[in-house]
Amino acid sequence: MIYLTEVRMNGSGKKHQHIEAVRWEHRGSPEETGESTVEEMADWIDSKDGFVHVRDKQGHDVSVHVIRPANSRPYLRTSADKESWKDDLLDLPRYGVMPGEVA
């Protein structure tokens with residue numbers, strides 16, 4: 001199973017739509033890790049029936065789903081039932097250059 005472990009935000013945005021890439025690990029194979037853009041991860045979830053999870057603050061597995069707005073790029077969101085949306089992705093550690101930092 002794939003778990004998202006970190007997110008990279010686009011600029012100074014703070015919402016799910018501002019996540020531009022994610023780091024992940026395969027829990028059954030700890031040496032298998034990677035980084036994917038949101039578009040790559042969305043395609044993997046949708047086209048290849050990929051199951052992606054994140055751990056919430058209580059340590060529970062929560063499913064990651066793809067949201068595809070009509071006039072913008074897809075983004076990722078967590079929910080146990082595709083109705084009660086949660087902010088678990090925004091609670092993950094950040095990576096990459098943060099606003100105000102120099103690369």
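Visitor: Where does D56 lie, and between which strands?

Guide: D56 lies in the loop that runs between strand 4 (52-55) and strand 5 (61-67). A strand here is a DSSP run of E with at least two residues, a helix is a run of H or I with at least four residues, and both are numbered from the N terminus. Before we go on: this is a predicted model, where local features need pLDDT of at least 70 and side-chain atom pairs count only at pLDDT 80 or more, while totals for chains, interfaces and linings use all residues. Residues are numbered from 1 along each chain as its sequence is written, and side-chain values use heavy atoms, with hydrogens and water left out.

Visitor: Okay, and why is D56 called buried?

Guide: Buried means under 20% relative accessible area, exposed means over 50%, and partly exposed is in between (1.4 Å probe, protein chains only). D56 has 9%, so it counts as buried.

Visitor: What does the side chain of D56 reach?

Guide: It reaches the backbone nitrogen of Q58 at 3.0 Å, and that of H60 at 2.8 Å. A polar contact is a pair of N or O atoms within 3.5 Å; within protein, one must be able to donate a hydrogen and the other to accept it, and residues adjacent in sequence count only if both atoms are side-chain atoms. Leaving aside neighbours within four places in sequence, D56 is also in contact with V62, K86 and D88, where contact means heavy atoms within 4.5 Å.

Visitor: What makes R77 buried, if its value is 18%?

Guide: The value of 18% is under the 20% cut-off, so R77 is buried. R77 is part of strand 6 (residues 75-79).

Visitor: Which polar contacts does the side chain of R77 make?

Guide: It meets the side chain of D87 at 3.0 Å. It also reaches the backbone oxygen of K86 at 3.1 Å. The side chain of H16 is a further partner, at 3.3 Å.

Visitor: Let's zoom out. In what order do the elements run?

Guide: From the N terminus on, the pattern is β-β-β-α-β-β-β-β. That gives one helix and seven strands.

Visitor: How do you know that the protein is as compact as a globular protein of that length?

Guide: The radius of gyration, taken over C-alpha atoms, is set against the globule rule, 2.2 Å times the number of residues to the power 0.38. For 103 residues the rule gives 13 Å, and the protein's radius of gyration is close to that at 13 Å, so the protein is as compact as a globular protein of that length.

Visitor: How many of the 103 residues count as buried?

Guide: Of the 103, 37% count as buried.
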